[in-house]
Each structure stands twice: as C-alpha cells, then as structure tokens.
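My entries follow the model.

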Amino acid sequence: MATDAERNRGLGAYSTPGVDPKFDPTAPFQFAATSPEVTFHTKQVQPPAFVYIGREDKLDVGIWSAVPNETVNFVLRIMRPDGVVIANAYSFQVTSTRTVNAFLQELTEGFLLSMTARGSGTVFIGQTFVRASLKRGALAGPLFTQEFIANYLTAVHPLMWPGGEVLRPVDGPGAPRSVTGTTPAAGAEISETVPATVRWRLRGFRFVLTTAVAVANRETAFQIDDGANVVSVTPSGFTQAASLSHGYTFGLGSTVIQASAGVQHIAPTTDIILAPGYRMRTLSTALQAADQYSFVQYQVEEWNEQ
Amino acid sequence: MAKWRCNSCGGTYFDVQRDGGAYFHACGAIPNQAYQPNPTLPNHDPRTHIEVDNPRDERPIPGLIYLDGKPHKQVPHFEERGTMLAPCDFAIMAEGKGRTQIE
C-alpha cells in the first residue's frame with residue numbers, strides 16, 4: 001500500500017488535500033527543455049538579396065535560337081522599396097534564327113530576389129542560348145553591371161538565378177541536327193558550308209553518286225577545308241564504274257566497308273570541330289559531266305558560336 | 001518550305017529544313033573541264049576544280065543583331081567610346097546570280 005509520501009508526489013487525483021498545493025490553471029507554462037542558441041530578428045530585417053535594381057538599370061537579354069519563332073518567358077521576383085514582393089513576367093520572341101536577338105527591358109526598382117527563364121518550343125539542349133544581365137545605358141553600351149544567366153535552356157529545363165550556371169555557348173553538349181544539303185548540278189561536286197553563327201561537329205555524311213553512261217572509273221573522296229586550306233581528305237577507297245548508283249557514308253568512328261552488292265560504302269571521317277566558313281565537299285576523280293550527286297544528308301552536333 | 005535552284009551553280013535545295021531551321025546555300029566547286037596536268041603543254045592548267053563564276057553565298061553577314069525584330073550592326077559610337085547598334089538591311093554574303101523557286 002502506498003505511503004503518504006508516495007501519494008503526494010505531483011498534483012492531481014492522488015494529491016492529498018491540505019498537503020499538496022492546489023492546482024492553479026492560470027499559472028504560466030514553464031518550458032523545461034533546452035532553449036535554442038540562435039535567435040532571429042522578425043522585424044526590421046534586411047533584404048535577402050545583394051542586387052539592387054536602380055531606376056536607370058535595365059534587363060539586357062540576348063537570345064540565340066535555332067527554333068523558329070521561339071519565345072523565352074522570364075519571371076522576376078522583386079522586392080519593392082516598400083517591402084512588397086512582386087513577380088514580373090516578360091516574354092521575348094526570336095525574330096531571326098541563328099542570330100543574336102537583343103532586348104532591353106525596363107524594370108521595377110527594388111531588390112532582385114530571383115529570376116527564371118523558360119523556353120516555349122525548344123526541345124533539345126543546344127538549340128536556344130539565353131543570356132541575361134543588368135545593364136545601364138543603351139543596348140550596345142558597355143555598362144554591363146551584373147551577369148545573371150548564360151546557358152542553354154529548353155521548354156522543360158529552365159534557367160534560374162541565383163543558383164544557375166553562367167556558361168559559354170560552346171560549353172556542354174551541342175544540339176543534334178540532321179541537314180539536307182544542296183543537290184549539285186550534274187557534273188558538280190557536293191559543297192556544304194558552315195553558317196556564320198554556329199560551330200559544328202560532324203557525325204556522319206551521306207550521299208549517292210549516280211554515274212552516267214560515259215566510261216570512266218570514278219573515285220570519291222570526302223574533303224574538309226577551312227574555306228581556303230584543306231584540313232582533311234578521306235578517300236572512299238572504291239572505284240565506281242559507269243551507269244551505277246552507289247551510296248557513300250563517311251561516319252565518325254567508321255571503318256572502311258565496301259558492300260559486296262556494291263551499293264553502299266562506308267569510310268571514316270576525321271573528328272574535326274568545324275568553325276564558321278569551314279566546308280565539307282566531295283573530291284572526285286574522273287567525274288563526268290553527266291554524273292549526278294544526290295540525297296546529300298548529314299548529321300552534326302551544333303553550338304551557338306556567337 | 002520552298003525548293004530553290006541557284007542560278008550561279010545550278011544546285012537545288014530547300015531553304016527551310018525539316019526541323020524548321022534555315023539552310024544557307026553556298027556554291028561549291030565544279031570540275032575544271034580545262035584541266036591539263038602536263039606542264040609542257042601550252043594549255044597547262046593544274047586545277048582539278050574551279051569555283052563557279054559569280055558564286056552565291058546565302059549565309060548572313062557576320063555581326064548581325066536583331067533588335068525589336070530589325071537587323072542591326074555594331075558600329076563605333078559617334079560620341080562615346082565603345083560601340084552602338086545601328087540599323088542595317090539584312091544582307092547575305094554574296095547574291096551571285098540569284099535563285100529561282102522551283103517548288
């Protein structure tokens with residue numbers, strides 16, 4: 001049986017009237033756990049951002065895209081001087097593909113908290129490169145004061161600041177692209193030129209040579225030059241007679257294969273980064289005036305070169 | 001997606017690729033019909049290939065920047081150090097003999 005001392009431990013039903021103090025429901029709760037070592041201000045707090053947008057500052061956006069009519073949507077969260085946080089949305093549409101499209105956007109004064117940029121039609125990484133920075137003055141003026149984002153984006157993978165990367169356009173993987181080339185006139189060679197604003201890495205080049213009735217042993221080679229000087233020549237290693245139609249593939253990492261049926265030939269090509277102005281051409285021996293190259297198709301990895 | 005024939009070299013091409021990207025034709029070389037490798041002959045011509053006469057190059061001129069949908073080029077600023085954007089007409093590297101639409 002419990003003693004009076006055991007029954008009198010604590011308050012409640014087992015308390016002894018007149019011995020234990022009466023329960024007071026208005027008494028303040030006393031927290032007995034350990035208090036945190038760090039405390040925080042909840043009033044007069046400084047803004048959590050180091051970028052302040054002044055009245056003369058503007059958002060300078062440059063977009064290079066291979067996607068026609070691509071629209072890049074920006075959302076900026078800005079804390080106004082009165083402490084109100086607003087989200088401003090801006091859309092920029094590309095007018096010309098594979099050329100820099102520049103935009104200068106007025107902004108609300110305040111602290112810039114965050115920025116995101118998202119594409120609308122871009123599917124592959126490497127198709128649309130976006131750069132956004134804070135600028136003072138005219139669009140072509142030199143007063144860049146803060147670079148926010150510079151990277152490729154897609155409709156699914158946006159760019160963001162803070163926390164995003166600032167990269168060069170040639171960093172990272174390029175966008176895969178399959179190009180249908182020019183079908184030359186009869187008796188002429190194939191010639192494909194790298195456009196001014198891109199950098200290519202050739203993955204594979206294919207064409208068909210249909211020889212005329214004129215008797216001759218044609219031999220095709222694949223040549224890459226820088227616009228003036230030849231940097232690579234790969235012979236097919238095959239001689240094509242008259243009145244035949246053969247396909248040729250020059251592929252990265254290929255080995256020489258001459259099909260026994262004589263209709264498909266495969267040869268390696270050199271792993272070369274093609275700068276603007278570089279040319280990919282056929283170099284034929286004994287090509288006759290009525291011989292015809294056709295079905296020119298090649299696959300490249302493409303980057304913005306601007 | 002129109003198909004064109006270059007009036008300079010006779011090549012045919014589509015100006016828009018299947019992925020929607022633009023294609024810029026540039027004339028290539030043609031076999032030299034007057035090729036003569038023998039240096040002792042008076043009509044000696046060692047060139048196996050020659051460029052076409054008045055070639056066409058549809059690549060845009062370098063340095064174009066589109067501002068508000070209009071082409072501009074960076075030019076020296078007329079008052080301050082640095083550059084400014086000046087409007088310009090869209091131009092390609094070489095018109096050549098033009099092109100003809102065939103489809």
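**Conventions.** I worked on a predicted model, in which local features need pLDDT of at least 70 and side-chain atom pairs count only at pLDDT 80 or more, while totals for chains, interfaces and linings use all residues. Residues are numbered from 1 along each chain as its sequence is written, chains are lettered from A and ligands numbered from 1 in the order in which they are written, and side-chain values use heavy atoms, with hydrogens and water left out.

**Interface.** I looked up the contact (heavy atoms within 4.5 Å) and found 39 residues from chain A and 33 residues from chain B in it. The buried area (accessible area, 1.4 Å probe, that two parts lose on being put together, summed over both) is about 2700 Å², with 53% of it on carbon and sulfur atoms.

I then listed 12 residue pairs in polar contact across the interface, both residues at pLDDT 80 or more. A polar contact is a pair of N or O atoms within 3.5 Å; within protein, one must be able to donate a hydrogen and the other to accept it, and residues adjacent in sequence count only if both atoms are side-chain atoms. On the side of chain A that touches chain B, the elements giving two or more residues are β5 (100-106), β10 (175-180), β11 (191-193) and β19 (279-285). Strands here are DSSP runs of E, at least two residues, numbered from the N terminus.

**Strand pairing.** I found β5(A) paired in the parallel sense with β6 (residues 64-67) of chain B, over three bridges; pairing requires at least two DSSP bridges. A:A102 stands opposite B:L67 in β6(B).

**Salt bridges.** I used the rule of a Lys or Arg side-chain nitrogen within 4 Å of an Asp or Glu carboxyl oxygen. The whole structure has 25 salt bridges over all chains, and three cross the interface of chain A and chain B. I noted A:R279 with B:E51, closest N and O atoms 3.7 Å apart. I also noted a network of salt bridges linking A:R98, A:R177, A:E302 and B:D19.

**Within chain B.** B:R99 and B:E58 form a salt bridge at 3.4 Å, N to O. B:R99 lies in β10 and B:E58 in β5 of chain B, so the pair ties together parts 41 residues apart in sequence. I checked burial (buried under 20% relative accessible area, exposed over 50%, partly exposed in between; 1.4 Å probe, protein chains only). B:R99 is partly exposed at 29%, and B:E58 is buried at 5%. B:D57 and B:R59 meet at 2.8 Å, and both are buried.

Notes
Helix = DSSP H or I, 4+ residues; strand = E, 2+ residues; numbered from the N terminus.
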